[in-house]
Amino acid sequence: MADQSEKQKMMKDNNQPATDEAQDLRAQTTSNEAAGMSRREVLKLTASAIVAAPLLPATTQATQRKAAAKAPAPRFFTRAEFALVDELTELIIPTDDHSPGARAAKVAEYIDRRLAESFEAEPKQMWRDGLKLIETISQEMHGRAFLQATPDERIALLTRISQNEREPKKPEEKFFVELKARTVNAYYTSKIGIHTEMEYKGNTYLKEFVGVDAT
Amino acid sequence: MSLIQIKRQRKSDVNLKQVYDAIVVGSGAAGGMAAHVLTSKGMKVLLLEAGKKLDLDKELKSTEWPYEHRRRGEMPPDAHALIPNEYTIRQPPYAKGLPHKHVYSYVQSWGGSDYSKNIVVDERDHPYTGTNYAWVRARVLGGKTTIWGRLALRLSDLDFKAKTHDGYGEDWPISYADLAPYYDKVDLYLGISGQKENLPHLPDSIFQRPTKLNFAEVKLRQGLKKMNRVLTPYRAGVTTDGLKHNKYRNRCYGRGACNRRAGGCDIHAAFDSPTGLIYPAMDTGNLTLRTNAIAYEVTVDKNTGKATGVAFVDAETKKTYEAKAKVVVLAASTLESTRLMLLSKSALHPNGIGNSSAHVGHNFCEHIMGPGVAGLVKDLVGKPHTLDDGRPGGFYVARFRNLTDRHADFIRGYGFEGGSGTTMFPGNAMGTTGFGANYKKQVRDYAGAFISMGAFGEVLPRYENYVDIDPEMKDAWGIPVLRFHYKFGDNEKKMAKDMADTAREMFEAAGIEVVGVEREILTEGWSIHELGTARMGMDKKTAVLNQFQQSHDVKNLFVVDGSSHVSASCQNPTWTIMALAWRSCDYLADQFKKGNL
Ligand SMILES: Cc1cc2nc3c(=O)[nH]c(=O)nc-3n(C[C@H](O)[C@H](O)[C@H](O)COP(=O)(O)OP(=O)(O)OC[C@H]3O[C@@H](n4cnc5c(N)ncnc54)[C@H](O)[C@@H]3O)c2cc1C
Ligand code: SF4
């Protein structure tokens, strides 16, 4: 597995993401369990994921604003953008009764830090434009800013821009793919993601690998 | 922050006035083995390694959690690792036109290329030209063995006598019986984990404790049994029981690190050349190591045409030096040894040293990759997460094509590497669509239920597939670089189609739900198993080396890496590279003592 997965991890990906990094993240989709599968051919597994959109955690805008004011200034995003990203990432991976979500895992902070230091103009522009687009669509759909919209309205917006996740065409659809890739990467590499959500038991010295006896 | 620790060479360490018994160029699998065997026979050896001596433990940091690293294992912003598309769309030299300070040849992934960035080469310094080729190189003490995937397989007479079997190409000048005792030596000296299967075409090693298969893998193994195909636990060049004779290595503690980084085991349970071969060789007192020494020419005696030593340039100071020896052993990896031979032109060797046959650089072969399958084992959905990556590898499916039957569309065969189960980063997280609580639950419930495998197939050696020296381009040290003329052919493409078909068929036979089949072929070079550019053979008109990897033209020149392979087979090459090097160096030492070199 070691050799194959390291090499398969880099499988060519048909959707051209905006940034190298996003592509890396997505190439990695095909790494371990999913090695060898290009997304366009991925079948049943994912069809149902989108069906039931989650309820928002009950965070009022007031407390959000308060928290944002206390937090250290973001390095790449404006404070307003940061609050938006924070909410978007939490909508993608929310707190549920199993574990805390993206907000608790400080996903927005990680995305902000990586974008701030990025060497390339392209991803930065994509995020600036993408966040603006979210606001434009929110105005168009609901007549208010994203963070002023109701939980249902926010979900409706995300549902719309995530429709063509496998073959994103419109700019907002492409932005969703980028937003989600970074969110997923940051979340599942966080303490909360690894230990609380996935309950990963490895990265420790084992006496023996507990498998099934094949003989 | 630099973690590199270079052991500075003191002048007294490396005496360049001395005429060594042998110079070995390169310290990977092949060079490490040559150094081990020759020093154990009492020969005084100078090992020239182009790269640095890195403190690998500090580089790999394999138990570091992603969140302990400020970029979760990814490279700093001024560095860029080539992404798959860059290998297919752009022409080499790949770093050209990119704004980054460093461009690395090993593709960035979550696996954490920040840990391998000091190990793999920077394309800016190491360009090449010609056809697309993903040429991954590791220029450090130990070469690619510092990050290799450690699948350790033997070849059989189905490979050594492939021409006899199907009429294509050339047979090797040796048979399995010649090499079997040396495979045994490699097994015992370095340690290998695996399970006996008694397959004539995939001979067993002298195995230490195998790693176990998990539920999904056993299901597949049982399904394949009905088809007369064999899935066996990953045969890993890893010591699972320990090696009493080697104080530099530990037994495998299954920490799950194998599958997390770009290879690399920092407790050295997995074989790497420094701890497995070079440090023990240094302990004999017969080995002198010169790192940062980039060989650029094999020097020759104007009158006899024999090798007199090696000219090299210091990687840091760019000063040039000449080292002298009675025998020169090239082990700089397949393509680098080839480059060195082609660069070593002189009046008596106008085409490059050892190249009177004009075959150096030709018959270039390797493995083709890409096709594979991913599947879902329903019984495992929603089950508590087990620990599945605490082992050196998952499984290997032995070749089953063209053994006794004959496939209508192609000759030779392929095997599959695969694995299943939960890993630290849920492999399905990126591919699962949607968002919200449902997405999150789906990732959680399905993370441990996937199984996948990808094929490695034999690429036929063809004279028209070759490398030569680019007339203009030079590397950062002013050394002319390689130009590739290399493409997969028809046999490979037909084989690739069959790989995808059989992959699906096998999962279905085992009752595994197929969720994706990959049919596309990865760029040439992807397997990192380049071979064949200075092949062995009886006939000096069509072969560069004899059966002992000794140049037909220059009797004190040996080339002990994968460039000597006559065909690629479909099994990964490293264990064979080492068994061959051991055999040839035994012969070399014997001939040296007899004064025949
Ligand atoms: C990620 C990865 C996974 C792999 N997985 C597997 C696997 O599972 N199974 C398998 O069998 N194989 C695998 N391989 C391939 C394996 O690593 C190689 O087959 C093996 O290392 C080849 O040994 P070598 O000595 O020929 O070359 P290398 O290990 O590359 O060593 C060559 C050495 O020569 C040095 N050198 C080069 N040019 C010069 C010069 N001009 N002067 C001085 N020194 C020079 C280099 O710096 C290097 O240290 C893998 C490789 C990689 C990168
Ligand atoms: S699983 Fe074993 S071989 Fe792999 S990195 Fe860990 S100790 Fe080394």
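## Helices H4 and H8 of chain A

In this predicted model, A:Leu88, A:Thr89 and A:Ile92 of helix H4(A) meet A:Phe176, A:Leu179, A:Lys180 and A:Thr183 of H8(A). The residues of this contact between H4(A) and H8(A) comprise four nonpolar, two polar and one charged. A contact means heavy atoms within 4.5 Å; helices (H or I, at least four residues) and strands (E, at least two) are DSSP runs, numbered from the N terminus. Ala, Val, Leu, Ile, Met, Phe, Trp, Tyr, Cys and Pro count as nonpolar, Asp, Glu, Lys and Arg as charged, and the others, Gly among them, as polar.

Helix H4 spans residues 79-92 of chain A and helix H8 spans residues 171-188; the two pack at an angle of about 75°, with their axes 10 Å apart. H4(A) is therefore roughly perpendicular to H8(A). Axes are lines fitted to C-alpha atoms, for helices over the stretch in contact, and angles run from 0 to 180 degrees between N-to-C directions. Angles under 35 degrees count as roughly parallel, over 145 as roughly antiparallel, 65 to 115 as roughly perpendicular and the rest as oblique.

## Helices H4 and H6 of chain A

H4(A) also packs with helix H6 (residues 121-142) of chain A, at an angle of about 75° and with the axes 11 Å apart. This angle is why H4(A) is described as roughly perpendicular to H6(A).

On the H4(A) side, A:Glu81, A:Leu84, A:Val85 and A:Leu88 take part, and they meet A:Trp127, A:Arg128, A:Leu131, A:Ile134 and A:Glu135 of H6(A). The residues of this contact divide into six nonpolar, no polar and three charged. A:Leu88 of H4(A) is named in the contact with H6(A) and in the contact with H8(A).

## Chain A as a whole

Chain A contains nine helices and zero strands. Of its 215 residues, 57% are buried; buried means under 20% relative accessible area, exposed over 50%, and partly exposed in between (1.4 Å probe, protein chains only). Among the contacts in chain A that join residues at least 6 apart in sequence, 61% link residues at least 24 apart.

## Confidence and conventions

The predictor assigns the complex an ipTM of 0.90 and a pTM of 0.91. For chain A the mean pLDDT is 76, with 63% of the residues reaching 70 or more. Residues 1-6 of chain A have a pLDDT below 50, with 37 contacts beyond near neighbours in sequence. Over residues 8-60 of chain A the pLDDT stays under 50, and the model has 165 contacts beyond four places in sequence for them. Where pLDDT is low, the predicted coordinates should not be read in detail.

Residues are numbered from 1 along each chain as its sequence is written, while chains are lettered from A and ligands numbered from 1 in the order in which they are written. Local features need pLDDT of at least 70, side-chain atom pairs count only at pLDDT 80 or more, and totals for chains, interfaces and linings use all residues; side-chain values use heavy atoms, with hydrogens and water left out.

Helix H8 (residues 273-283) of chain B is mostly covered, as nine of its 11 residues are buried. Among them are B:Gly276, B:Leu277, B:Ile278 and B:Tyr279. The buried residues of H8(B) pack against H1 (29-40), S2 (45-48), H6 (176-190), S7 (287-290) and H12 (574-593) of chain B. Just after H8(B), B:Gly285 adopts a positive phi of about 80°.

In helix H10 (residues 436-446) of chain B, the buried residues include B:Tyr439, B:Val443 and B:Arg444. The cover over the buried residues of H10(B) includes H4, H8 and helix H9 (191-197) of chain A.

## Local backbone features and cysteines of chain B

B:Pro92 and B:Pro93 are joined by a cis peptide bond, with omega of about 5°. B:Pro93 lies in the loop between helix H3 (84-89) and strand S4 (102-104) of chain B. B:Ser333, which is not a glycine, has a positive phi near 90°; B:Ser333 counts as buried, at 19% relative accessibility. B:Ser569 is likewise not a glycine and has a positive phi of about 50°. B:Ser569 belongs to the loop between strand S18 (557-559) and H12 of chain B, and its relative accessible area is 0%.

Over all chains the structure holds zero disulfides, a disulfide being a pair of cysteine sulfur atoms within 2.5 Å. For B:Cys365, the nearest cysteine sulfur is that of B:Cys570, 13 Å away. B:Cys365 is buried, with a relative accessible area of 0%.

Key. pLDDT = per-residue confidence, 0-100.
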